[in-house]
Amino acid sequence: MAVDEDTAPTSLRTHRYLRLSLVFIVFALLTSVVIQTVVTSWEPFALGWKPLPSISHYFYTPARTVFVGALIAASLALLALSGRDRATTLLDISALFAPLIAIVPTGLANRQRIGGFECPDNFECVPVEFQGDMRLGIAVYVVVVVVVVLTMAVIRRRTRTPNPSARLVSIIAVITAAAVAALAFVPALNPQFPFNFWPVHSIHFVVTLVFFGVFAAVPILYAGGPLDPGETPPTPRQRSIYRWIAGLLIVDLLLLVVALLFRQAFGETPVVLFGEAVALILFATFWWVQTFQRWDDPNPPSIVARRPLPA
């Protein structure tokens, strides 16, 4: 039975629109890229149709504010949807890496100039203007991860609600924070930061692939049917959509890996830009379809917690 807006409890309405917010976040990010590409320097009649190599490169344009804000907002929304099943655990893990995509920008190729910034030497770099911001962002990320992990551990202990999934996410968060901090601040490791993640080279590239790679597993899980006894099962059409999203995401991620490894061969063809846009559209499509699949679920995983242990 459908639950309309007038009778739906606050928790259900919050859950509905938190899910839809992820769609609108992607829309805002892609809109900023389109506007920045079509209307250069925010002049309505100065048309510039030359796209940048990737969405990540728009960090070096006026679209930077939207790019960073969208990734931080997406991370918070994914964490707020934290729940008790396998899918929400994967979403929590994805949320750990979204801020790092914004904090650690992609590099500029040698002599590449974007938005007034360039690398003067013959190797890929993050322009010196952003080095301080990047390291400060990593320091804040590490501190916030530690504080959040400790706070949630105390809450689970005091409420006597053990959660193995939350424990796993906390361990991954601490390991990720420690690894990034070491690569950024340990003198023996940081001379080439953020291009010192052997053998993949770019930290930005690694966290972007991990974010989409972990998320790709979520529609695969839902393509098999409900994950929770109380959820509305997907219709055959929705299940088919989840399968298509999962398959296309996997193909798209493989395309991104090839495009990044052989980017010199592609020249100025924006293959990575196309791959990232497709990944974001598939991400938004999943949330759109699943939001309406579970529109009337009275107890979504992100609302109902595990029962506390008896005293």
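**View 1. The whole chain and its surface.** The accessible surface of the protein chain comes to about 15,900 Å², and 70% of this belongs to carbon and sulfur atoms (areas come from the Shrake-Rupley method with a 1.4 Å probe; for residues, only the protein chains shown count as cover). Please keep in mind that this is a predicted model, in which local features need pLDDT of at least 70 and side-chain atom pairs count only at pLDDT 80 or more, while totals for chains, interfaces and linings use all residues. Residues are numbered from 1 along each chain as its sequence is written, and side-chain values use heavy atoms, with hydrogens and water left out. Of the 311 residues of the protein chain, 47% count as buried (buried is under 20% relative accessible area, exposed over 50%, partly exposed in between, with a 1.4 Å probe and protein chains only). Nine helices and two strands make up the secondary structure, and their order from the N terminus is α-α-α-β-β-α-α-α-α-α-α (helices are DSSP runs of H or I with at least four residues, strands runs of E with at least two, numbered from the N terminus). Among contacts between residues at least 6 apart in sequence, 68% join residues at least 24 apart (a contact means heavy atoms within 4.5 Å).

View 2. The protein chain averages a pLDDT of 82, and 83% of the residues score at least 70 (pLDDT is the predictor's confidence in each residue, from 0 to 100). Helix α2 (residues 64-80) has the highest confidence, at a mean of 93, and helix α8 (residues 263-266) the lowest, at 63. Over residues 304-311 the pLDDT is below 50, and this stretch has 15 contacts in the model beyond near neighbours in sequence.

**View 3. Helix α5 and its cover.** With 22 residues, helix α5 (residues 164-185) reaches 31 Å from its first C-alpha to its last, close to the 32 Å expected at 1.5 Å a residue (the expected span is 1.5 Å times one less than the number of residues). Its buried residues include S165, V169, A173, V180 and A184. Among the elements covering the buried residues of α5 are α3 (86-103), α4 (131-159) and α6 (203-223).

View 4. The whole structure holds 16 aromatic pairs (rings of Phe, Tyr and Trp, the last by its six-membered ring, pair if their centres lie within 6.5 Å; planes under 30 degrees apart are stacked, over 60 edge-to-face and the rest tilted). Y242 and F286 form a tilted pair, because their planes meet at 55°, with the ring centres 5.4 Å apart. Y242 lies in helix α7 and F286 in helix α9 (residues 271-293), so the pair ties together parts 44 residues apart in sequence. Y242 is buried at 0% relative accessible area, and F286 is also buried, at 0%. F283 and W287 make an edge-to-face pair, 6.3 Å centre to centre with 65° between the planes. Both F283 and W287 lie in α9, four residues apart, about one turn of the helix. F283 is buried at 3%, and W287 at 0%. Ring pairs link F211, F212, F215, Y242, F283, F286 and W287 into a cluster.

**View 5. G247 on helix α7.** G247 is found in helix α7 (residues 236-261) and is partly exposed, with a relative accessible area of 31%. G247 and A217 are 30 residues apart in sequence, and their C-alpha atoms are 9.9 Å apart in space.
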